[in-house]
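I opened the notebook to go through this model one look-up at a time. Entries follow in the order I made them.

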Amino acid sequence: MTGKASPESIFTWVCEILKREFQISDAEISPTAHLIDDLDLDSIDAIDLSVRLEEKTGLSFKEEDLKAIRTIQDVVDFIAERLD
Amino acid sequence: MSRPSPPPLAALLGRLRRASRALRTGLAFAIFGALGLLLGLVLFPLERGLTREGEIAERRCQRRVSAIFRLFTWVLRGLGLAEIRIRGAERLRRPGTLAVANHPTLLDVVLIGAEMPQVDCVVKKEAWSNPFMRHVVTATGYVPNDLGETVIGACAERLRRGRSLLLFPEGTRSPEGGLGPFMRGAAHLALVSGRPLTPIVVRCTPPTLMRGQKWYDVPDRRMCFEIEVCEPIDVGDVVDPGEPRALAARRITAALRDFYHERLHNRNA
């Protein structure tokens, strides 16, 4: 992905990935939804999600980065800050 | 108002029986502890003296653990504490079996392990720093419950070498009479290794040694274990090609949990 992306558009496609590949329903999705506690992702899902996000953004997610990410909003913020 | 009548003889006898059962249960725990010491202090050092580290030493130590578990099942039967019935145990003796089980009591791993001369387990990683557990988990080559991807890799590697594996998808003991949420590790492992899942259904009546129950909180009658080793499930039949693994693992796990729910529910009904 090149150029600037608004936090809103990042949020939209992060949610797309969650719905398409992790069977998350619209009802479960909100910026404050916790990836593990609310969306039932596990550590293997976290790796798969980061791979998808890396493909999409060209960013690389390190293990420390992943540890700091808890909610969907954290994912969006992480990407928005680095794409700026 | 009349005085409360003295307890009838039947109630007294019942209390006596319960006390005797609690005593025998205590004895069984003591014997289990002693067998554990025998393993750690005698059998494992002996094996290590005879064989160098590595695959062969690990398999030999696992065989010792299984023998100790089998001995303990005789103790349970001999003390009149448990009746144990197993169907389909021959399915567990095929090399490279990927077995999963529900986990109603503390004894499941002992009773299943007694039927598997070689079996790897995933154990809490704290065991590797626990002075009582450390030598058992290192000598047997059990898998520490670390990050998901690492555990799957270590388990898949063991299956590739023809070693069998036992997993409890609930990750902990089941809630009374039911099933906890299933973790998806077993499904991921089946996907990665291509091995079918062999489900083991464990039933125990009356419920005993459950999570949060004290050992002396014994039931009023002998525990009856029924262990059924079911037909292996080939996950390749369930998965669509090209499906993301996260989705496939979710579907397999949901199907597996339904399978257990059905088996446990229909029997109770």
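**Entry 1: contact range, chain A.** I took the contacts of chain A between residues at least 6 apart in sequence, and 56% of them join residues at least 24 apart. I note here that the model is predicted.

**Entry 2: fold of chain A.** I counted four helices and zero strands in chain A. Read from the N terminus, its elements run α-α-α-α. I then looked up the extent: the C-alpha trace of chain A spans about 30 × 25 × 20 Å along its principal axes. The radius of gyration is 12 Å, which agrees with the value near 12 Å for a compact globule of 84 residues. Of those 84 residues in chain A, 21% are buried.

**Entry 3: helix H4 of chain A.** I picked H4(A), residues 72-83, to look at in detail. This helix has 12 residues. From its first C-alpha to its last it reaches 17 Å, close to the expected 16 Å. Which residues of H4(A) are buried? I found Ile72(A), Val75(A), Val76(A) and Ile79(A). They cover an arc of only 95° around the axis, which puts them on the same side of H4(A). The spacing fits a general rule. An α-helix has 3.6 residues a turn, so residues three or four places apart point the same way. Next I asked what the buried residues of H4(A) pack against. The partners are helix H1 (7-22) and helix H2 (43-57) of chain A.

Entry 4: Gln23(A) has 16 other C-beta atoms within 10 Å and is partly exposed. Asp40(A), with 16 C-beta neighbours inside 10 Å, counts as partly exposed too.

**Entry 5: where chain A touches chain B.** I counted nine residues of chain A in contact with 12 residues of chain B. On the chain A side, the elements that give two or more residues are H1 and H2. The largest share comes from H2(A), with five residues.

**Entry 6: fold of chain B.** I counted seven helices and seven strands in chain B. From the N terminus, the elements run α-α-β-β-α-β-α-β-α-β-α-β-β-α. The radius of gyration of chain B is 21 Å, close to the 18 Å that the globule rule gives for 269 residues, so chain B is as compact as a globular protein of that length. The C-alpha trace of chain B spans about 80 × 50 × 30 Å along its principal axes. Buried residues make up 31% of the 269 residues in chain B. Of the contacts in chain B between residues at least 6 apart in sequence, 76% join residues at least 24 apart.

**Entry 7: nonpolar cores.** I went to the largest nonpolar core, which has 55 residues. Those touching the most other members include Ala99(B), Val100(B), Ala101(B) and Leu165(B). Leu166(B), Ala190(B) and Ile200(B) belong to that group as well. Helix H7 of chain B, residues 245-268, gives the most to this core, with six residues. Apart from this core lies another, of 13 residues, among them Ile24(A), Leu49(A), Val75(A) and Val76(A).

I then followed Val100(B) on its own. Leaving aside neighbours within four places in sequence, its contacts include Leu167(B), Pro169(B), Ala186(B) and Leu197(B). Pro199(B), Ile200(B) and Leu256(B) are also in contact with Val100(B).

**Entry 8: a cis peptide.** Which residues does the cis peptide bond join? I found Thr205(B) and Pro206(B), with omega about -15°. Pro206(B) is found in the loop between strand E6 (197-205) and strand E7 (223-229) of chain B.

Note on methods: Residues numbered from 1 in each chain as written. Chains lettered and ligands numbered in written order. Predicted model: local features only at pLDDT ≥ 70, side-chain atom pairs only at ≥ 80, totals over all residues. Rg over C-alpha atoms; globule rule 2.2 N^0.38 Å. Buried ≥ 20, exposed ≤ 12 C-beta atoms within 10 Å, placed from the backbone. Contact = placed C-beta atoms within 7 Å. Expected span 1.5 Å × (residues − 1). Arc of directions from axis to C-beta. Core = buried A, V, L, I, M, F, W, Y, C linked by C-beta atoms within 7 Å.
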